[in-house]
Amino acid sequence: MLVECEPGLEDVVSTMLFESGFSGLEERVVEDRTRFTAFISPEPGADPLETFFAFLDRAGIDRNAVRVLVDESVPAADWEEKWREGLGAVETGRRIVVRPSWVDYDNRDERIEIIIDPKMAFGTGGHATTHLCLEALERFDLSGKSVLDAGCGSGVLSIAAAKLGAARAYGFDNDPFSVENANENILLNDVGDRVTIELADLSTVRPEPADIILANVISGVLIAHLENFRALLSPGGTVVFSGILAEEEERFTAALREKGFRVRSVEHRDEWIAVLAEVG
């Protein structure tokens with residue numbers, strides 16, 4: 001299937017495609033729009049396209065801003081090889097590099113290597129929102145701290161937290177494929193003693209409160225669950241909200257203050273922001 005979107009919607013649309021049941025994406029710019037090629041492998045009774053449209057409607061995204069051009073399957077063998085070729089090592093901040101297991105990396109700077117084979121889950125480390133979260137993690141002193149990764153995707157942030165010194169990291173996602181993939185990546189990185197990934201969503205999850213929460217989720221979901229984030233945060237803790245377009249900054253920070261959060265900082269990358277906030 002081919003999907004085109006207007007500039008600024010790339011990360012949101014790619015996340016929605018993954019969460020709707022599409023497996024892997026090829027992304028390229030065509031004129032002034034971004035075009036995704038998505039492989040469709042639906043289970044009996046499932047309709048990924050219908051789910052994708054429902055996500056768009058719930059997020060209030062105009063159908064004219066996101067167009068489905070072709071509704072047909074891409075051969076699995078051709079897609080798998082093409083998709084793997086498009087992935088490489090991604091350096092983030094001063095200390096981290098994210099790479100697939102099949103990519104060699106000359107680690108002359110002695111960066112912390114996070115091995116991610118993303119498969120069907122969102123989170124190769126290349127998206128601006130993931131960069132913002134990883135850069136925020138680098139600035140924290142994580143020694144002895146607990147980290148909660150909401151909407152963990154491939155598990156990249158949970159694994160990074162553990163490798164940066166967190167005592168424990170708990171990630172969750174409402175997509176079974178993401179949870180399966182994240183647990184595979186935990187084994188690849190040998191952090192199973194400190195990282196736990198489970199199938200859950202924000203309305204039902206009940207982990208112990210965390211010192212740091214990472215929430216790389218679309219802004220509509222974040223705003224709807226701000227009270228949940230307050231309940232999941234330890235006293236004196238910090239939430240890193242990402243998945244937010246820069247044009248949404250005023251609306252989002254106003255929603256935070258309304259729910260009793262104090263904004264510590266707003267970090268920018270391309271058209272995206274991450275908001276660091278605490279309670280009080």
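1. Two strands are said to pair if DSSP finds at least two bridges between them. Helices (H or I, at least four residues) and strands (E, at least two) are DSSP runs, numbered from the N terminus. In β6, Val98 is the bridge partner of Val90. The structure under discussion is a predicted model, in which local features need pLDDT of at least 70 and side-chain atom pairs count only at pLDDT 80 or more, while totals for chains, interfaces and linings use all residues. Residues are numbered from 1 along each chain as its sequence is written, and side-chain values use heavy atoms, with hydrogens and water left out.

2. Overall composition. The chain has 9 helices and 14 strands. Of its 280 residues, 52% are buried, where buried means under 20% relative accessible area, exposed over 50% and partly exposed in between (1.4 Å probe, protein chains only). A contact is defined by heavy atoms within 4.5 Å. Among contacts between residues at least 6 apart in sequence, 64% join residues at least 24 apart.

3. The sheet of 3 strands. This open sheet runs in the order β5-β6-β7 and its pairing is mixed. β5 and β7 are the edge strands, each pairing on one side only. The twist from one strand to the next averages 25°; angles run from 0 to 180 degrees between N-to-C directions, and axes are lines fitted to C-alpha atoms, for helices over the stretch in contact. Helix α4 packs on the sheet and touches β5 and β6, its direction making about 45° with that of β5.

4. Pairing around β6. Strand β5 (residues 90-92) pairs with β6 in the antiparallel sense over 3 bridges, and Thr92 stands opposite Ile96. The two strands form a hairpin with 3 residues between them, and Gly93 in the turn has a positive phi of about 60°. With β7 (residues 112-115), β6 pairs in the parallel sense over 4 bridges; here Ile96 stands opposite Ile112. Strand β6 (residues 96-99) is covered on both faces, with Ile96 and Val98 buried on one side and Val97 and Arg99 buried on the other.

5. The sheet of 7 strands. The strand order of this open sheet is β10-β9-β8-β11-β12-β14-β13, and the pairing is mixed. β10 (195-199) and β13 (261-269) are at the edges with a single partner strand each, so one side of each is left without a neighbour in the sheet. Neighbouring strands are turned by 15° against each other on average, direction ignored. Within the sheet, β12 (residues 233-245) and β14 (residues 272-279) pair in the antiparallel sense over 5 bridges, and Leu245 stands opposite Trp272 in β14. Helix α6 (residues 176-189) packs on the sheet, where it touches β9 (168-173) and β10; the direction of α6 makes about 165° with that of β10.

6. Helix α1. Of the 11 residues of α1 (residues 10-20), 10 are buried, so this helix is largely enclosed by the rest of the structure. The buried residues include Glu10 and Asp11 as well as Val13, Leu17 and Phe18. Just after α1, Gly21 takes a positive phi of about 115°.

7. Packing of α1 on α2. Helix α1 and helix α2 (residues 48-59) pack at an angle of about 135°, with their axes 8 Å apart. They are therefore oblique to each other; angles under 35 degrees count as roughly parallel, over 145 as roughly antiparallel, 65 to 115 as roughly perpendicular and the rest as oblique. The contact is made by Val13, Met16, Leu17, Glu19 and Ser20 of α1 with Pro48, Thr51, Phe52, Phe55, Leu56 and Ala59 of α2.

8. Packing of α4 on α5. The axes of α4 (residues 128-139) and α5 (residues 156-163) come within 10 Å and cross at roughly 15°. These two helices are therefore roughly parallel to each other. Thr130, Cys133, Leu134 and Leu137 in α4 meet Val156, Leu157, Ala160 and Ala161 in α5.

9. Nonpolar cores. A nonpolar core is a set of buried Ala, Val, Leu, Ile, Met, Phe, Trp, Tyr and Cys residues joined through side-chain atoms within 4.5 Å. The largest has 55 residues, and those with the most contacts inside it are Val13, Phe52, Val66 and Leu142. Not counting residues up to four places away in sequence, Val66 touches Val3, Glu4, Cys5, Leu9, Val13, Arg33, Phe52, Leu56 and Ile61. A second, separate core of 26 residues includes Tyr170, Ala215, Val217 and Ala255.
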